[in-house]
Amino acid sequence: MAFVLSRRDMLAACGGAVVVPPALWAHAESGDERYRTAVVIDGNLVLSTLNGDALVDAATISRVRKSGLTALKQTLGGAGGYADATKDIADMERSIASNAQLFSHVLTVSDIASAKRSGHVGVIFSFESADMHEGRPERVDYFRSRGVLVMGLSYNVQSAFGSGVMVKNGTGLTRAGHEAVGRMNKAGVTVDLSHSDEPSSFDALGIATRPALITHAGCAAVHAHPRNKSDRLLRAVADGGGTIGIYDLSYLGNYPANPTLDIYMRHLTHALAVCGEDHVGIGSDTDLLATDTSPANVAEWDKGEAERKAAGTMAPEEGPLPYVVGLNGPSRWRTIDAKLAKSGYPARVRDKVLGTNFERVFRETW
């Protein structure tokens, strides 16, 4: 299969982060006492701050630490094959080692707590595509041995394991897909259904022996879209003990403009109402620091979008840069926390949304 850029490849290629005006993130220092104890885990972020062996500068280190982030899930492998994924893993390992003053590779749940204590940001390796397995479920075990702890079953289109959200009349998991889910559960890999369609998702939930995640999606009841999940699926994931992360993408609504913070909160609070407080989190699916909105970066982004459209992996209403107005910066988690507090959600619920719901699933699946 020809290599096709994923959205995370595109963010990284475009440089992703820029210097954000202080007004957008200066308030990140407020509420530091709360964030000394809060575990903040984002279900899907892009680390454009890491680039080969290059060292992260002091200003970036300060901004990341002020964000309050404890750990993040980073997609590797894109939509490439085995060789691409293996190289991507090695490159990320090397980048983290070069910047060990700020980042650490999460290999166990206890590594998240260690990152919190030490002031590091833990990086959880993951796949969204299944193309790197090349139709061989036994590759799950190899990649688990390389520290990939979360894996998807398809990236929008059909894979050897199952049908993605852009497949019309999807047929669900293949025989290899059934085996892959079993191997993930046995090996200690969390199954991620973010890009799987409903037939594949329900097939996976039907045979899974451990909770599954939807690390980054929206709610179809708030805005109908192939990447947004039905209440029926959201409830099924929650009933199985899983967690759903809400993303920052244009699929939330307000297309062709970027979604607003109010739209984002409608998805988040709807998920809380459907799934309950123990099963909702944040899965931004954008850059750790900020998405570059400069004309030059927009032009690069548009080129990548044209490739995705030609390849058939581009979803409807895709095109705007991936960010929510009001959340494009390293204080996004604090902003969401403050909005939930203003709406009357107690600290207990907000702590779960910020990260402990994801942490619990990782504990139960790794």
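Start by selecting Ser95 in this predicted model: leaving aside residues up to four places away in sequence, Ser95 touches Leu50, Asn51 and Gly52. Then colour helix α5, residues 82–98, which is where Ser95 sits. Is Ser95 buried or exposed? Its relative accessibility is 4%, so Ser95 counts as buried, the cut-off being under 20%.

Next, jump to Phe127. With residues up to four places away in sequence again left out, Phe127 touches Leu76, Ala85, Ile89, Met132, His133, Phe143, Val148, Val150, Met151 and Gly152.

Now widen the selection to the largest nonpolar core, which has 75 residues. Pick out Phe103, Phe127, Leu153, Tyr264, Leu268 and Leu288, the residues with the most contacts inside that core. Which helix gives the core its largest share? Select residues 261–275: that's helix α11, and it supplies 9 residues.

Last stop: select helix α13 (residues 332–342) and helix α14 (residues 347–365). Their axes are 10 Å apart, and the two helices pack at an angle of about 155 degrees. That angle is over 145 degrees, so α13 runs roughly antiparallel to α14. Turn the view and you'll find α13 passing α14 in a right-handed crossing. To see the contact itself, show Trp333, Asp337, Leu340 and Ala341 from α13, plus Arg350, Val353 and Leu354 from α14. Colour this α13–α14 contact by class and you get 5 nonpolar residues, 2 charged ones and no polar ones.

Note on methods. Residues are numbered from 1 along each chain as its sequence is written. This is a predicted model: local features need pLDDT of at least 70, side-chain atom pairs count only at pLDDT 80 or more; totals for chains, interfaces and linings use all residues. Side-chain values use heavy atoms; hydrogens and water are left out. Axes are lines fitted to C-alpha atoms, for helices over the stretch in contact, and angles run from 0 to 180 degrees between N-to-C directions. Helices (H or I, at least four residues) and strands (E, at least two) are DSSP runs, numbered from the N terminus. Angles under 35 degrees count as roughly parallel, over 145 as roughly antiparallel, 65 to 115 as roughly perpendicular and the rest as oblique. A crossing is left-handed if the near helix is turned anticlockwise from the far one by less than a right angle, and right-handed if clockwise. Contact means heavy atoms within 4.5 Å. Ala, Val, Leu, Ile, Met, Phe, Trp, Tyr, Cys and Pro count as nonpolar, Asp, Glu, Lys and Arg as charged, and the others, Gly among them, as polar. A nonpolar core is a set of buried Ala, Val, Leu, Ile, Met, Phe, Trp, Tyr and Cys residues joined through side-chain atoms within 4.5 Å. Buried means under 20% relative accessible area, exposed over 50%, partly exposed in between (1.4 Å probe, protein chains only).
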